[in-house]
Amino acid sequence: MDAAHKRKRPEAEEDGTEPGAGAVAVDLSSLEAADAVEVLDLRAAKRLLLAFERRLRDNLEARMKHPDDPARFADSEIALHAETDRLRLLAGAPDLFPDLVPLGLASSLSSLLTHDNTDLAAAAASLLADLTDSDDPDDLAGLHSLADALVEANALDLLVHNLSRFSEADPDEAEAVHHTLAVVENLLELRPHLADIVCDRTKLLRWLLARLKAREFDANKQYASEILAILLQDSPANQKRLGQINGVDGLLQAVAMYKSRDPKTSDEEEMLENLFDCLCCVLMPMENKERFVKAEGVELMIIIMKQKKLAYSSAIRTLDFAMTRFPPACERFVDVLGLKTAFAAFMGKIPVNKKNKKESYQEALEERVISLIASLFGGITKGSRKIRLLGKFVENECEKIDRLMEFYTRYSERVKAETERFDGLDLDDLEMDEDERYNRKLEAGLYTLQLIALILGHIWHSGNSQMRTRIELLLRQNKLTKDDVKGILQEYHDNIGDLDGPEEKERAQGRTTEIIASL
């Protein structure tokens, strides 16, 4: 999911009224008429801010004087709500924020988030959602100054606290939750490093996880899935944090609701995709892969695949993440009879619906299945499980080797075309070094071609004469030799990284060397 995706504001805001105003609703038509002709320069903006702070101070004083008599501070609350709404004009002038922040813009609005009247706390969230939202690059300097000041004023902590304070049974407060999530999203987009900070300092992850476990679908559940995906996307720390609060099991519970049914709307479908994005992110740390296996995540993904619903491809993608460099997941997959389901997809027997008729969808699915099978060969090195895996390539007169060679030739031609295209370009003019060129080739299909060659190598390394004969025949028919396969594997060997540590790199290179030698 793209973290820069911007959600539409609820239509209720467009007419200038404040959702959640409740008893403090007020006729602002005369104010709006005056503001329409007012030029919002710095002087006018300062007047707006000072008027708001005066109303805030008056209301707090009235509440302190008459804590047990709401009628004595009701008028000041209506006036405060009106001034809060007037501040919405500042959303059109973010260039003024650097001058307004020292005057208390961020601190005053953060203070309003703590107001005892939830209508006013909701109004603050709605206002902040507007003030922190802009797609214009020229606004960034002003937005950054406001975002930084809000963080310093503990606005993030207060926003997260209010998520639990608002009752979504009330439509106005449900909308306040939506606005609160919008502010969080905007701040994360402006300052991505806040993803780690907000999860470390607050209970945001716990709230999001609990929200996603609710069976009923609504806009806030969808938004919660988006925020969680953003928080996990590029944060190993948050991925680990979520695992430590039973987040893997929580996400599995959320996607399990769709194991035998499809989402009813496009929004619900988007939420389901977000949930699987979250699962794949949280499966990056090894300890979470272990939690996934213990929570029977492998079994759930196989069930989803067998049901052939909309989540079919997402289940394969999740299994690919779970099984990559994690033998226990590979072993569990074989033990619970996942091979039949995986190889059906490998042979192109995938469910057909509107979504997967596109060639790009089917190609992405093929690449996932190839990666999954390569992970199986890497994670299962001996015993009856290895025999069962290899047996899949023998059955039906080695039809799966035929399919593998079909993939090999297709991706080989694609990579060859991309290589020739690069050879005809001046890399100096493109400011592209060899590493970038290699990455471009990986994106063009080289990575998948390497995995196919790796699978072929594992099959050859097994020593089965029937499969070896079939591979040699198909290579000759396509005017290829084992040296072509060895060349691809050697390039793969030479570029194995050490993201998983030097020991894992050495092990992977040693295994690849063995396979190359057997060819």
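The lining of the largest pocket in this predicted model comprises 22 nonpolar, 13 polar and 14 charged residues. The pocket itself holds about 1600 Å³ of space. Among its 49 lining residues, T324, R325, Y447, Y492 and D500 are the closest to the centre. Two or more lining residues come from each of the helices α16 (286-294), α18 (312-323), α19 (327-335), α21 (359-379), α24 (434-461) and α27 (502-518).

Helix packing can be followed in two pairs. Two packed helices are described by the angle between their axes and the distance between the axes. Helix α2 (residues 42-65) packs against helix α3 (residues 74-86) at an angle of about 155°, and their axes are 9 Å apart. Angles over 145 degrees count as roughly antiparallel, so α2 is roughly antiparallel to α3. Their crossing is left-handed. On the α2 side, the contact involves L48, A51, F52, R55, L56, N59, A62 and R63, which meet S76, E77, A79, L80, E83, T84 and R86 of α3. By class, this contact of α2 with α3 has seven nonpolar, three polar and five charged residues.

The second pair is α23 (residues 395-423) and α25 (residues 465-477), whose axes lie 10 Å apart at an angle of about 40°. That angle makes α23 oblique to α25. The crossing of α23 and α25 is right-handed. Helix α23 contributes E397, C398, I401, D402 and M405 to the contact, and α25 contributes Q466, M467, R470, I471, L474 and L475. Seven nonpolar, one polar and three charged residues make up the contact of α23 with α25.

Notes: Residues numbered from 1 in each chain as written. Predicted model: local features only at pLDDT ≥ 70, side-chain atom pairs only at ≥ 80, totals over all residues. Heavy atoms only, no water. 1 Å grid on protein atoms, 1.4 Å probe; cavity = no way out; pocket = protein on both sides within 12 Å on 5 of 7 lines; lining within 4 Å. Points joined across faces, edges and corners; volume = space filled by probe spheres on them. Helix = DSSP H or I, 4+ residues; strand = E, 2+ residues; numbered from the N terminus. Nonpolar A, V, L, I, M, F, W, Y, C, P; charged D, E, K, R; others polar. Axes fitted to C-alpha atoms, helices over the stretch in contact; angles between N-to-C directions. Parallel < 35°, antiparallel > 145°, perpendicular 65-115°, else oblique. Left-handed = near helix turned anticlockwise from the far one by under 90°. Contact = heavy atoms within 4.5 Å.
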